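Subject: Structure handover

Hello,

Here is the structure I promised you. Please open it beside this email and follow along.

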Amino acid sequence: MEKTIFERMGGTYSKVGDYNLPNLIPPQEAKLIGLWGQRHAKYLEQCHKVLYMNLLTSGKLNDYLADIDKRADKMFSRLVTEYSDRQGVTEQLKTENQFLWFQKMNNILACVREIVENEIIYS
């Protein structure tokens with residue numbers, strides 16, 4: 001019997017009852033996926049099913065999501081710092097007026113979260 005495309009790409013099957021099921025368990029050295037990567041995975045699964053399945057079956061999904069997570073996290077941190085500096089949100093403000101500092105930081109975090117989602121996660 002001729003090998004399937006999955007077998008030609010290095011995949012293996014396990015016999016379960018009457019069925020041969022593909023072994024799609026990720027390798028043990030798989031990178032951990034953070035919040036941004038999980039959001040992007042959900043987006044791919046819902047809106048770009050073919051790309052999601054191609055990455056999943058080729059074994060590249062975990063690395064791809066880890067890269068997205070890393071990029072989004074760097075962008076988030078950089079933008080929070082930039083926005084805080086521009087708006088004068090400092091440690092001094094935090095000690096003088098905690099309520100104002102809290103308001104400004106919540107506003108900055110919401111804005112930056114929306115930017116990261118639009119630029120990296122949902123694109």
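Which residues make a nonpolar surface patch of about 320 Å²? The patch is made by V16, Y19 and L21. Patch members must have over 30% relative accessible area and no salt bridge; like charges are joined within 9 Å, and nonpolar side chains (Val, Leu, Ile, Met, Phe, Trp, Tyr) within 5 Å. Areas come from the Shrake-Rupley method with a 1.4 Å probe, and for residues only the protein chains shown count as cover.

Before the rest, some ground rules. This is a predicted model, in which local features need pLDDT of at least 70 and side-chain atom pairs count only at pLDDT 80 or more, while totals for chains, interfaces and linings use all residues. Residues are numbered from 1 along each chain as its sequence is written, and side-chain values use heavy atoms, with hydrogens and water left out.

V16 sits in strand β1, residues 13-16. Helices (H or I, at least four residues) and strands (E, at least two) are DSSP runs, numbered from the N terminus. V16 is partly exposed, at 44% relative accessible area. Buried means under 20%, exposed means over 50%, and partly exposed is in between (1.4 Å probe, protein chains only).

Helix α2

Next, look at α2, residues 35-47. The helix has 13 residues and reaches 18 Å from its first C-alpha to its last. That is close to the 18 Å expected at 1.5 Å a residue; the expected span is 1.5 Å times one less than the number of residues.

Which residues of α2 are buried? They are W36, G37, H40, A41, Y43 and L44.

What do the buried residues of α2 pack against? Their partners are α3 (49-58), α4 (61-86) and α6 (98-121). Contact means heavy atoms within 4.5 Å. On the other side of α2, K42 and Q46 are exposed.

Salt bridges

How many salt bridges does a search of the whole structure find? It finds 3. A salt bridge is a side-chain nitrogen of Lys or Arg within 4 Å of a carboxyl oxygen of Asp or Glu.

Take E117 and R39: their side chains meet at 2.6 Å, N to O. E117 lies in α6 and R39 in α2, so the pair ties together parts that are 78 residues apart in sequence. E117 is buried, at 18% relative accessible area. R39 is partly exposed, at 25%.

Now go to α4. E82 meets R78 in a salt bridge at 3.3 Å, N to O. Both lie in α4, 4 residues apart, about one turn of the helix. E82 also meets R86 in a salt bridge, at 3.7 Å, N to O. Salt bridges that share partners join R78, E82 and R86 into one network. E82 is partly exposed at 29%, and R78 is partly exposed at 43%. R86 counts as exposed, at 63%.

One last pair

D63 also lies in α4. D63 counts as partly exposed, at 44% relative accessibility. D63 and H40 are 23 residues apart in sequence and 13 Å apart in space, C-alpha to C-alpha.

Best wishes
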